[in-house]
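Here is a briefing on one structure, with the sequence and model shown below. It covers a helix pair and a sheet.

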Amino acid sequence: MGIYLDNAATSWPKPEAVYLAVDHFMREVGATPGRGGHWREAEAARIADEARMALAQLFNAPDPAGVAFTMNATQAINMALKGLLQPGDHVITSSIEHNAMWRPLKALERRGVALTAVPCAPDGTLDPADVEAAIRPNTRLIALLHASNVLGTILPIGEIGRIAHDHGIPFLVDAAQTAGAYPLDMESMHIDLLAFPGHKGLYGPHGTGGLVVRSGVQLETWVEGGSGTESAPETMPEALPLRLEAGTQNAAGIAGLLAGVRFVLEQGVERIREHELALTAILIDALRDVPGLAMLGPADLSRRTAVVSMVVDGYVPDQLAFVLDQVFDVATRAGLHCAPQAHRVAGTLATGALRFSPGFFNTADEMRVAAEAVRSIADG
Ligand SMILES: Cc1ncc(COP(=O)(O)O)c(C=O)c1O
C-alpha cells in the first residue's frame, strides 16, 4: 500500500469515522443548513453546529458562533486579511509565510496597505522582540503562521499574542500546520482570528476549513450572497457565522470534519503531538549520516512539527521524490511547497527541497524504510 508521508499537504488516511460520516450524510441527510423547512435541514444544521462546538472546544475559542466554515485555510486567511485591512493600515508578518498569507498580503500592499515581514533566522526561528519593534502607530494587524510547512519551525505564538494584546492590535494565526497536531488555545495565546484547514491535522475531507473570529472583531465581508435566513436586507447579516458564510457550504465535508475533530479530541492533541514527534525523531536520526544530505529547520526537536525537509548534494529534489514514489512507493513532496519565502530564508529558493511529513497513522518502521530508501538513492 506504500508509505504516505505527505500529511503536511493533506492528511491520509482518515479515521474510519470520517469516511462513515461523509457517507451517512450524503445518503441519509442530504440537505443544507439554513436551506429548507424539513427535518433533513434541521439535521444538517445540527451537525454543522456540533462541528462548530467541537472546534471551539479544540481551540478554546470564546464562542462556537465565531467558527465560520470555508473551503480551506487559504480562504480563511483571505477572509481575515481582506475583512480587516484598509489602505493606510500597516500589517506585520514573518519572512517564512506560505503563499496563502504572502500573496494576499502582497495584493493588499499593491492597494496601499504597508507590510513589514519580520526576518526569521535560516532555521525559521523568530524573535518576538523583533515583532514588537516593528509595531507602528497604524499597525492594524499581526498575521503569522504558527508553524512553517517547509522548515517545521514553530513560532512563539503565545509570546507574540501577548505583545499584540498589550498593544491592542488584532492577532491572526495561520494554524494550517498545527490545528489538531499542536496545542492551540485562543484565550491564553491571545488569538483574535484563527485560520485552520479541515483536511490536514483535523482529518476532515478536502474542501473543509474555517476561520474562528473572536466576538468584537469586525470583519468586512469578502463574499456576499445567500445566507439561508435573514434574507430580506441587501447586506449580509451582522451576526456570525452567517455573515461570513455566503452560499451553500460543504455540508457533507463538515460532517466528516466533525468526525475528524472528535477523533482528535478523543486521542488528545498532546498524544498526537507525542507520536508525531517520536516519528520525526526517528526519521531525522535515520537520515543523519546519509552522505551529502542537509536537513532544514531547527535542530531542537521541541521547536518543530512533523515536517522534515532536506536537500541531497547532486540530486534535484523533484527527482528524489519521483524515484521515492515510483521505485519505493514512498509519497513525499518536493519543490517550493507553495512557500518560496521560507525557502528564500533557508537558502533553498533555487533548488527547492524534498519534504517528508509523517502523520498520526504512520509507524516507526515506516520512518526507517523511508530513510533507507533515501540512503540507497544517495549511495547510488
Ligand atoms: C502554513 C500553511 N498555510 C496555509 C496553507 C494553505 O492551506 P489550504 O491548502 O487548506 O488552503 C498551508 C497548506 O499547506 C500551509 O502549510
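**Helix packing and sheet pairing**

Helix 8 and helix 11 are roughly parallel to each other, a label for angles under 35 degrees, with over 145 counting as roughly antiparallel, 65 to 115 as roughly perpendicular and the rest as oblique. The model is predicted: local features need pLDDT of at least 70, side-chain atom pairs count only at pLDDT 80 or more, and totals for chains, interfaces and linings use all residues. Residues are numbered from 1 along each chain as its sequence is written, and side-chain values use heavy atoms, with hydrogens and water left out.

**Helix 8 against helix 11**

- Helix 8 spans residues 269-287 and helix 11 spans residues 364-378. Helices are DSSP runs of H or I with at least four residues, strands are E runs of at least two, and both are numbered from the N terminus.
- The two helices pack at an angle of about 25°, with axes 9 Å apart. Axes are lines fitted to C-alpha atoms, for helices over the stretch in contact, and angles run from 0 to 180 degrees between N-to-C directions.
- Leu279, Ile282, Leu283, Ala286 and Leu287 in helix 8 meet Ala364, Met367, Arg368, Ala371, Val374 and Arg375 in helix 11. Contact means heavy atoms within 4.5 Å.
- By class, this contact has nine nonpolar, no polar and two charged residues. Ala, Val, Leu, Ile, Met, Phe, Trp, Tyr, Cys and Pro count as nonpolar, Asp, Glu, Lys and Arg as charged, and the others, Gly among them, as polar.

- Seven strands form an open sheet with mixed pairing, in the order 2-8-7-6-5-3-4. Two strands pair if DSSP finds at least two bridges between them.
- Strand 2 (67-70) and strand 4 (114-118) are the edges; each has a single partner strand, so one side of each lacks a neighbour in the sheet.
- From one strand to the next, the twist averages 20°.

- Strand 8 (residues 209-213) is mostly covered, with five of its five residues buried. Buried means under 20% relative accessible area, exposed over 50%, and partly exposed in between (1.4 Å probe, protein chains only).
- Gly209, Leu211 and Val213 point one way from strand 8, while Gly210 and Val212 point the other way.
- Strand 2 pairs antiparallel with strand 8 over four bridges. Phe69 stands opposite Gly210.
- Strand 7 pairs antiparallel with strand 8 over five bridges. Here Gly210 is the bridge partner of Phe196.

**Strand 6 with strand 7**

- Strand 6 (residues 171-174) and strand 7 (residues 193-197) run parallel, joined by three bridges. Leu172 has Leu193 as its bridge partner in strand 7.
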